[in-house]
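Subject: Structure handover

Hello,

Here is the structure for your files. Please open it alongside this message.

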Amino acid sequence: MYRKADDIVRAKIPFTACLSSLTSPVVIDDFFSTAINDKCSATKTTHFATFPDYLMIQLNKFTIGSDWVPQKLDVLVDVPQQLSLDDLKGKGSLPGEIELPEGGATQVATGNSLFVMS
């Protein structure tokens, strides 16, 4: 079967790549640490402590262009019928990680996010 010349070809993104993007480490420059009361670099990772009975997901298929104008991404996201979230479950602090102290007014840690000072 041949495509017509005016058929639109869209990139096909696996849903697992979207989840990997959610949980990949993010470096935060100029992070104010309540542990040392100073700015430093930190690495934030996000994982789930528990899983809900139903997981609702909203795909935001937008990016910010070089002119700071939002642009819609014309892509297809391939979502499987069954999905294992076991790799997204948090395992607590890992070797080399330092959790921020609780209760600091400037503490940025929320939910299951863990900041690692470097």
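Below is what was found in it, by topic.

Ground rules first. This is a predicted model, in which local features need pLDDT of at least 70, side-chain atom pairs count only at pLDDT 80 or more, and totals for chains, interfaces and linings use all residues. Residues are numbered from 1 along each chain as its sequence is written, and side-chain values use heavy atoms, with hydrogens and water left out.

Fold. The protein chain has one helix and seven strands. Helices (H or I, at least four residues) and strands (E, at least two) are DSSP runs, numbered from the N terminus. The order along the sequence is β-α-β-β-β-β-β-β. Of the 118 residues in the protein chain, 16% are buried. Here buried means under 20% relative accessible area, exposed means over 50%, and partly exposed is in between (1.4 Å probe, protein chains only).

Salt bridge. The count comes to one. The rule asks for a side-chain nitrogen of Lys or Arg within 4 Å of a carboxyl oxygen of Asp or Glu. The partners are D74 and R10, at 2.6 Å, N to O. They tie distant parts of the chain together, 64 residues apart. D74 is in the loop between β5 (70–72) and β6, and R10 is in the segment before β1 (11–14). D74 is partly exposed, because its relative accessible area is 45%. R10 is partly exposed too, at 36%.

Aromatic pair. Searching the whole structure gives one. Rings of Phe, Tyr and Trp (its six-membered ring) pair if their centres lie within 6.5 Å; planes under 30 degrees apart are stacked, over 60 edge-to-face, and the rest tilted. The ring centres of F48 and F51 are 5.5 Å apart and the planes are at 45 degrees, so the pair is tilted. F48 has a relative accessible area of 23%, so it is partly exposed. F51 is partly exposed at 32%. F48 is in the loop between β3 and β4. Between F48 and D86 there are 9.4 Å in space, C-alpha to C-alpha, and the two are 38 residues apart in sequence.

Nonpolar patch. L55, I57 and L59 make a surface patch of about 240 Å². Patch residues have over 30% relative accessible area and no salt bridge; like charges are joined within 9 Å, nonpolar side chains (Val, Leu, Ile, Met, Phe, Trp, Tyr) within 5 Å. Areas come from the Shrake-Rupley method with a 1.4 Å probe, and for residues only the protein chains shown count as cover. L55 is in the loop between β3 (38–45) and β4 (62–64). L55 is partly exposed, at 38%.

Second largest pocket. Its space is about 350 Å³. Of its 16 lining residues, the closest to the centre are C18, S21, L59, N60 and K61. The elements giving two or more lining residues are α1 (15–23) and β6 (75–78). α1 gives the most, with six. A pocket is an open set of points on a 1 Å grid over the protein atoms alone, where a 1.4 Å probe fits, with protein on both sides within 12 Å along at least five of seven lines; lining residues have an atom within 4 Å of a point. Points are joined across faces, edges and corners, and the volume is the space filled by probe spheres set on them.

Backbone. N37 is not a glycine, yet has a positive phi of about 50 degrees. N37 is in the loop between β2 (26–33) and β3, and is exposed at 58%. W68 also has a positive phi, near 65 degrees. W68 is in the loop between β4 and β5, and is exposed at 72%.

Best regards
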